[in-house]
Amino acid sequence: MPADFDLERLYDAHAQALFGYILNLTRDEEDTLEVLQEVFIKLARHPAAFLAARDERAFLISLAHNVAIDLIRRRGTRSKYHARFGVEQVSPFAPSPDPDEAAFRNELSAALAKLPPEQRAVVHLKLWERFTFDQIAETLDIPANTAASRYRYCLDKLRDLLRPFYEEIK
């Protein structure tokens with residue numbers, strides 16, 4: 001293992017953010033933990049690939065994205081996840097003691113769950129990881145214009161999905 005490769009530091013610095021990103025894709029905590037474990041096993045086995053990366057967070061998210069997609073494909077569960085999106089509400093947000101804020105977080109989580117995984121991935125990277133569209137494009141191996149379009153479509157869909165909630169509280 002190369003001398004400047006510190007797996008423990010990488011885990012401590014990035015595992016929490018990777019967990020949130022992967023959970024947003026898989027919508028299942030058990031699958032998320034499996035993907036996260038596989039990401040760090042791959043890093044331990046092939047540290048040279050990581051050392052060649054320009055941006056460690058982008059590299060790790062890209063690796064996590066690929067492992068998550070592989071898991072979904074391998075299990076043939078894509079349709080299972082799509083069917084569950086409408087009923088399962090996995091919130092990427094911390095609990096809130098304020099009932100109005102908690103209601104909004106539940107609505108937002110449900111709205112995010114109704115979006116295609118490709119759009120959720122982009123909006124997660126843009127809003128929670130604060131990636132630029134160029135960074136998103138590189139991380140997800142898509143054109144920057146595609147990343148921007150997916151983000152715009154996602155925001156439009158979220159606005160439409162959350163409109164009843166906002167009209168209800170007026």
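A residue is called buried when its relative accessible area is under 20%, exposed when this area is over 50%, and partly exposed in between (1.4 Å probe, protein chains only). By that rule Phe59 is partly exposed, with a relative accessible area of 23%. The structure is a predicted model, in which local features need pLDDT of at least 70, side-chain atom pairs count only at pLDDT 80 or more, and totals for chains, interfaces and linings use all residues. Residues are numbered from 1 along each chain as its sequence is written, and side-chain values use heavy atoms, with hydrogens and water left out.

**Overall architecture**

- The protein has nine helices and zero strands, where helices (H or I, at least four residues) and strands (E, at least two) are DSSP runs numbered from the N terminus.
- Along the sequence, the pattern reads α-α-α-α-α-α-α-α-α.
- Of the 170 residues in the protein, 41% are buried.
- The accessible surface comes to about 9,700 Å², and carbon and sulfur atoms account for 51% of this surface; such areas come from the Shrake-Rupley method with a 1.4 Å probe, and for residues only the protein chains shown count as cover.
- A contact means heavy atoms within 4.5 Å. Among contacts between residues at least 6 apart in sequence, 66% join residues at least 24 apart.

**The nonpolar core**

- A nonpolar core is a set of buried Ala, Val, Leu, Ile, Met, Phe, Trp, Tyr and Cys residues joined through side-chain atoms within 4.5 Å.
- The largest such core holds 38 residues, and the members that touch the most other members are Leu18, Tyr21, Val39, Leu43 and Leu140.
- Two or more residues of this core come from each of α1, α2, α4, α6 (99-113), α7, α8 and α9 (144-169).
- Helix α4 gives the most to the core, namely eight residues.
- Leu43 is in contact with Phe5, Leu7, Leu10, Phe50, Phe59, Leu60 and Leu63, when its neighbours within four places in sequence are left aside.

- His65 belongs to helix α4 and is buried, at a relative accessible area of 13%.
- Not counting residues up to four places away in sequence, His65 touches Tyr21, Leu25, Ala121 and Leu140.
- Arg74 also lies in helix α4, which spans residues 56-75, but Arg74 is exposed, with a relative accessible area of 51%.
- The contacts of Arg74, apart from neighbours within four places in sequence, are with Glu34 and Glu38.

**Leu158 in helix α9**

- Leu158 is placed in helix α9 and counts as buried, at 8% relative accessibility.
- Leu158 and Leu108 are 50 residues apart along the chain, yet their C-alpha atoms are separated by 7.9 Å.
- Beyond residues up to four places away in sequence, Leu158 touches Leu108, Ala111, Leu112 and Leu115.

**Aromatic pairs**

- Rings of Phe, Tyr and Trp (its six-membered ring) pair if their centres lie within 6.5 Å; planes under 30 degrees apart count as stacked, over 60 as edge-to-face and the rest as tilted.
- The count by this rule is three aromatic pairs.
- One of them joins Phe50 and Phe59 edge-to-face, at 5.6 Å centre to centre with 70° between the planes.
- Within this pair, Phe50 is buried, with a relative accessible area of 8%, whereas Phe59 is partly exposed.
- Phe133 and Tyr151 also form an edge-to-face pair, at 5.5 Å centre to centre with 65° between the planes.
- Because Phe133 lies in helix α8 and Tyr151 in helix α9, this pair ties together parts that are 18 residues apart in sequence.
- Phe133 is partly exposed, at 24% relative accessible area, and Tyr151 is buried, at 14%.

**Charges over rings**

- A charge sits over a ring if NZ of Lys or CZ of Arg is within 6 Å of the ring centre and within 35 degrees of the ring normal.
- The charged end of Lys126 sits over the ring of Phe133, 4.4 Å from the ring centre.
- Arg152 lies over the face of Tyr153, 5.1 Å from the ring centre.

**Positive phi values in loops**

- Arg27 has a phi near 60°, a positive value in a residue other than glycine.
- Arg27 occupies the loop between α1 (7-26) and α2 (29-45) and is buried, with a relative accessible area of 4%.
- Arg130 likewise has a positive phi, near 60°.
- The place of Arg130 is the loop between α7 (117-127) and α8 (133-140), and Arg130 is exposed, at 69% relative accessibility.
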